[in-house]
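Please open the structure in your viewer and follow this tour stop by stop, selecting the residues as they are named.

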Amino acid sequence: MTAITTTLTPEQREAILQWPERNDIPIFPADTRNKKIWLSSWQDIDFSKIDFRSKLENGEYDKGIAIRMGKTLSGKYYAVAFDFDGRDAVVEWFGNWDRVVSLSKKTIIEWHQDKGKIHVIFLSKIPFQNRKLHIKNAFLEIRCERNALFASPSIHQGGKPYTPLGTNQLTILNGDKALALKSKIDSISQSYMSDEDKKAYDEWLDLPTTILGENQGRHDATKFKIIRYYWKYDGEWLNLSDEQRFERAWEWHLAHCNPPRSRHEFDSMCKWAIEKFRVKRDELHERVRAERQDNGQKAADKENEQSQDRRNELLDLINERTRELLVDKHDTAFAAVQIGEHFETLPIKSGRFKKWICRLNYQHLHKTIRAEDLKQITDLLQAEALFGNNVRDLELRTSKNPEDRSICYDLTNKEWQVVRITQQGWSVEESCDMPIMFTRYANQLPQITPSTDYPEDIFERFMNLINVKDDSNKLLLRCYIVSLFLPGVPKPILMLHGEQGSAKSTLQELVKRLVDPSIIISLTFPRSNEELIQQMSHNYVAYYDNISFIKEWISDQLCRAVTGAGFSKRELYSDDDDIIYNFKRCLGFNGINLAATKADLLDRGIIIELERIPKENRRKIEEILEEFEPMMAQLLGYIFDILVKVLQVKNSGGIKLETRSRMADFEEYAEIISRCMGTESGKFIEAYYKNQQLQTEVVIEGSPVAMAIVKLMEGKEEYGWTGTTTELLTDLELVTAELKINTQSNSWPKAANVLSRRLNEIKTSLRDADISIDYIQDPGTRVKKIKICKVSFESFNRSEDQNHA
């Protein structure tokens with residue numbers, strides 16, 4: 001055995017080893033009394049291979065230790081230290097010593113009996129920037145990557161040991177808490193900024209790439225900009241009113257803070273700035289005005305001329321690389337600009353378009369662009385687009401080519417390539433060869449390039465990945481998936497239900513990845529109408545997961561999104577402008593029970609019940625995706641070949657169906673798709689009508705009034721029932737006891753007028769169940785009555801009457 005040569009006590013040894021063994025932080029020898037580190041290149045050493053205990057026993061840590069901040073030994077976290085040097089820094093951060101003591105119970109705080117000099121140490125899931133803040137007569141140093149700190153049980157230069165004030169355990173900060181801490185650092189940093197630092201910070205805030213989210217200093221940055229704009233006097237600023245200054249600050253806030261604060265909060269900050277700075281600010285501005293009158297406006301005029309020249313030069317560059325300026329059907333301004341070898345259609349208000357202008361300016365004019373110049377240029381381009389009378393239907397993911405009516409599918413890749421499908425075949429086209437048809441959002445992911453080489457059973461292989469066993473449902477789902485690539489055709493809502501472990505979410509995820517790959521796979525219903533419209537407008541396929549109940553207003557909006565009705569959404573923070581949306585979306589939801597209950601929503605759906613998968617047959621989603629992803633290119637190629645055949649049939653006159661449902665267009669296209677995939681004629685229609693009958697059953701089972709009417713009509717097949725609405729309510733209440741319907745619940749009508757509304761909601765579904773409800777007028781009394789008949793008997797009686805006639 002190697003002899004132990006260290007002179008440290010057992011307690012000191014344990015205190016040293018707690019850093020690497022308990023807290024996951026690497027250590028290395030140091031002469032802490034003289035503030036010296038002997039180990040060269042300690043920043044780059046792989047400490048995970050070091051035997052700390054052996055080095056301890058050999059006496060290498062006898063003169064003290066330093067801990068290396070940054071990545072921990074395991075690589076899971078970042079070690080961070082706040083090194084307070086001076087009472088002003090401690091007071092600014094904590095307020096009083098009691099708060100220091102309180103925090104020391106949660107994480108390691110070390111000191112050497114001096115309340116002005118402490119080390120706060122913790123672990124974080126994200127790194128911190130090394131910084132040194134000058135706070136009055138003290139300093140606060142943030143230590144992380146490639147930084148070190150002398151630590152207990154070493155001896156300080158003053159002769160006293162570093163000792164923990166409280167616990168010797170480190171707390172771990174998650175991302176949100178770390179961001180909040182960084183925000184506080186930024187806030188303190190701003191309070192003690194030099195004029196040079198304030199200028200640099202102001203320029204950084206104006207960059208198009210600077211976007212501040214929650215817990216990232218939005219409040220302090222907005223306050224900073226309000227104060228800067230309130231005091232500003234260079235150029236045109238001196239002649240701006242307070243309202244104009246604060247409006248520009250508000251525009252900055254909307255562009256750089258996501259989500260923005262409310263206008264009420266913002267106005268409160270402006271009011272505070274006026275109360276605090278008005279007298280001194282007005283005195284300064286008066287002096288500047290006097291100086292300008294004395295010195296003339298030559299310098300200002302020259303600057304304005306130079307600025308106008310710069311803008312004109314940049315506008316020429318932009319126009320050379322702009323294919324078109326246009327607006328979409330929502331009156332949003334776009335520019336189709338050349339980026340590399342392809343064209344991109346970008347909203348003029350978007351950050352990407354502004355970054356493109358910044359890059360263009362720097363590449364060709366070798367200058368950075370001023371925020372004011374950028375705003376004036378984008379405002380001008382937006383005005384040209386809005387009043388240029390060039391309106392385009394910009395679609396999401398699928399569109400009809402306005403030149404030849406071919407089907408186009410946006411691959412959303414960085415080259416902006418499009419799949420073009422005609423009755424002659426399909427091909428991948430470059431954006432420069434295609435009309436402007438698509439818009440994009442940040443949540444969309446690139447789609448894989450489709451392949452023309454695939455096995456004949458590729459779709460069947462895909463179907464084997466999902467838990468659908470019934471042949472009718474399989475056919476419905478196959479035709480539904482192919483139909484999702486058809487632009488402009490209303491698609492039914494995919495309504496999945498089944499007990500836990502039936503792979504409902506997996507089915508939705510695979511379809512979403514195949515048709516509309518996105519960062520966000522599944523959604524949840526929001527609390528407001530505006531958020532729901534936003535969700536649907538940004539997702540061509542919008543699938544909602546684990547839904548147990550659908551509110552009435554959500555149900556109504558889903559119906560509108562299927563058929564393509566318009567939506568109105570208030571412009572953010574505007575008094576009178578509405579954004580009018582008009583789109584068709586592919587929707588779906590899943591849940592243990594079927595969440596849809598309203599007849600008009602069920603009418604627009606395909607209901608598929610999934611069976612629970614036995615535990616021994618369940619697969620992880622990762623395994624399924626590992627099998628699914630290699631087949632995606634082939635599956636897309638197969639689907640596009642089917643669509644080629646579909647176009648051939650449609651362009652030859654299509655097919656004629658004897659009867660049509662609410663989803664008539666889908667019905668025809670899906671039957672064509674079914675036949676093009678080799679299925680016998682009429683099989684899809686048979687499966688679809690069977691599913692519609694299921695919808696009728698769901699509506700009736702979900703409506704106490706419908707169930708009571710069905711019960712009431714038992715034994716009345718020949719003559720039916722006739723009477724007033726009040727008489728009907730009375731008769732229905734007589735059968736509720738047998739059905740165990742609670743007439744005191746909110747779902748049961750308490751008055752005749754409420755019953756009339758309920759009848760209107762369910763009469764279509766009851767007719768599908770062979771029960772008709774009609775309103776007639778008594779010829780003698782002229783009283784309006786209700787007539788309820790079995791449809792088969794009603795048809796027979798009418799036929800007999802016609803024969804006698």
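Is Thr412 buried or exposed? Thr412 is buried, with a relative accessible area of 6%, in what is a predicted model throughout. Select the loop between β16 (407-410) and β17 (418-422) to find Thr412, and note that this residue has a positive phi of about 50° although it is not a glycine.

Next, go to the loop between β9 (148-151) and β10 (163-164), where His156 lies. His156 is buried, with a relative accessible area of 14%, and its side chain makes a polar contact with the side chain of His112 at 3.3 Å. If residues up to four places away in sequence are left aside, His156 touches Thr32, Arg33, His112, Pro161 and Tyr162. Pro153 is found in the loop between β9 and β10 as well, and the peptide bond leading from Ser152 to Pro153 is cis, with omega near 5°.

For another cis peptide bond, select Asn258 and Pro259, where omega is about 5°; Pro259 sits in the loop between α8 (242-256) and α9 (263-295).

Finally, show helix α24 (residues 725-739) together with helix α25 (residues 752-768), which pack at an angle of about 80° with their axes 9 Å apart, and which are therefore roughly perpendicular to each other. Thr725, Thr726, Leu728, Leu729 and Leu732 in α24 meet Ala752, Leu755, Ser756 and Leu759 in α25, a contact that has six nonpolar, three polar and no charged residues. In the loop between these two helices lies Lys740, which is exposed, with a relative accessible area of 76%, and which has a positive phi of about 60° although it is not a glycine.

How values were computed. Residues are numbered from 1 along each chain as its sequence is written. This is a predicted model: local features need pLDDT of at least 70, side-chain atom pairs count only at pLDDT 80 or more; totals for chains, interfaces and linings use all residues. Side-chain values use heavy atoms; hydrogens and water are left out. Axes are lines fitted to C-alpha atoms, for helices over the stretch in contact, and angles run from 0 to 180 degrees between N-to-C directions. Helices (H or I, at least four residues) and strands (E, at least two) are DSSP runs, numbered from the N terminus. Angles under 35 degrees count as roughly parallel, over 145 as roughly antiparallel, 65 to 115 as roughly perpendicular and the rest as oblique. Contact means heavy atoms within 4.5 Å. Ala, Val, Leu, Ile, Met, Phe, Trp, Tyr, Cys and Pro count as nonpolar, Asp, Glu, Lys and Arg as charged, and the others, Gly among them, as polar. Buried means under 20% relative accessible area, exposed over 50%, partly exposed in between (1.4 Å probe, protein chains only). A polar contact is a pair of N or O atoms within 3.5 Å; within protein, one must be able to donate a hydrogen and the other to accept it, and residues adjacent in sequence count only if both atoms are side-chain atoms.
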